[in-house]
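I opened this entry to keep track of what I looked up, one topic at a time. The structure comes before the notes.

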Amino acid sequence: MSVPRASIHPIAPDTWRISVALPPELFPGGFSLNQYLVVDERPLLFHTGPRKLFPLVRERIESVMPLERLRYIAFSHVEADECGALADFLALAPHAQPVCGRVGAMVDVTDLVDVPPLIVEDGQVLNLGRHELMWQATPHLPHGWECGYFHDRTTGTLFCGDLFTQPGTGEEPLVTHDILGPSEVFRRQDDYFSHGRDTPVLIEKLARLQPSVLACMHGSAWKGDGGAMLRRLGAALAA
């Protein structure tokens, strides 16, 4: 039987996509779980991957920098693929701290791990050194009361979680072709969006950031007019 395999590639300055490819034997059609590492004075990891895949993710990070250098561990919402290995990372990175919004801290993170989280409010900027990451609170987009994203104002990268979930093993780290079509096919098979009351407002909020890179949780990262791509997603959700 095939086993998961991990790779790491740059997608923006100082920004690395770590991708674990799940073979078809484990997930029909194959699937990918992505984590993003911003290497700076105070390095940040966005998403940890599931606990059982921690050794693979750790190995890829350590091909770029020592794991103990990690300072921040952030994620879009609480699910196994987003933060399942949070405790494992905190155990090996003594100066690391979880980063999440107020709701995430209140309902989940303060109980999941013993390290107190750094709570970021909507619009608050986290300075990593060269990179400035602004927190975007997006409750229930696509799911989870605590959901939110970081936008790297330095590189124009939006760490956009599950918004453009693409099937397959995500072999191409960064693409410029359409990712909405494949992600919509996947969503229509098993709709994971909450379709909350504020979805159009939140989509427009992200679009106005005009990101140039969309760092997707599943599938390839994407480069182009991120504002236009997000508005296309909004139109598809409203259809």
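**Cavity**

I began with the lining of the largest cavity, which consists of Phe75, Ser76, His77, Cys100, Gly101, Gly104, Trp135 and Glu146. The model is a predicted one, where local features need pLDDT of at least 70 and side-chain atom pairs count only at pLDDT 80 or more, while totals for chains, interfaces and linings use all residues. Residues are numbered from 1 along each chain as its sequence is written, and side-chain values use heavy atoms, with hydrogens and water left out.

I noted what counts as a cavity: on a 1 Å grid over the protein atoms alone, it is a set of points where a 1.4 Å probe fits but cannot get out, and lining residues have an atom within 4 Å of a point. Grid points are joined across faces, edges and corners, and the volume is the space filled by probe spheres set on the points. How many cavities of 30 Å³ or more does the structure hold? I found one. The largest cavity has about 40 Å³ of space.

**First sheet**

I then turned to the strands. Helices (H or I, at least four residues) and strands (E, at least two) are DSSP runs, numbered from the N terminus. Two strands are paired if DSSP finds at least two bridges between them.

An open sheet of seven strands has the order S1-S2-S3-S4-S5-S6-S7, with mixed pairing. Its edge strands are S1 (5–12) and S7 (118–119), each of which pairs on one side only. Strand S6 (residues 97–100) runs parallel to S7, and two bridges join them. Cysteine 100 is placed opposite isoleucine 119 of S7; Cys100 is also listed in the cavity lining.

Helix H1 (residues 54–61) lies across S1, S2, strand S3 (31–38) and strand S4 (44–46), at about 150° to S2. For such angles, axes are lines fitted to C-alpha atoms, for helices over the stretch in contact, and angles run from 0 to 180 degrees between N-to-C directions.

**Serine 19**

I looked up serine 19, which is in strand S2 (residues 15–22). Is serine 19 buried or exposed? Serine 19 is buried because its relative accessible area is 3%, and buried means under 20%, exposed over 50%, and partly exposed in between (1.4 Å probe, protein chains only).

The serine 19 side chain has a polar contact with the arginine 17 side chain at 3.2 Å. A polar contact is a pair of N or O atoms within 3.5 Å; within protein, one must be able to donate a hydrogen and the other to accept it, and residues adjacent in sequence count only if both atoms are side-chain atoms. Neighbours within four places in sequence aside, serine 19 is in contact (heavy atoms within 4.5 Å) with residues including Arg5, Ser7, Leu33 and Thr169.

S8 and S9 are antiparallel, joined by three bridges, and valine 125 is opposite methionine 134 in S9. These two strands form a hairpin with four residues between them, and glycine 129 in the turn has a positive phi of about 130°. S9 and S10 are antiparallel too, with five bridges; methionine 134 is opposite histidine 151 in S10.

Strand S11 (residues 157–161) pairs with S13 in the parallel sense over four bridges. In strand S13 (residues 213–216), Val213 and Ala215 point one way, Leu214 and Cys216 point the other way, and all are buried. In a regular strand the side chains alternate between the two faces of the sheet.

**Backbone**

Last, I checked the loops. Most residues other than glycine have a negative phi, and most peptide bonds are trans. The peptide bond from leucine 141 to proline 142 is cis, with omega near 0°. Aspartate 14, in the loop between S1 and S2, has a positive phi near 65°. Glutamine 210 has a positive phi near 50° and lies in the loop between helix H6 (199–207) and S13.

How values were computed. On a 1 Å grid over the protein atoms alone, a cavity is a set of points where a 1.4 Å probe fits but cannot get out, and a pocket is an open set with protein on both sides within 12 Å along at least five of seven lines; lining residues have an atom within 4 Å of a point.
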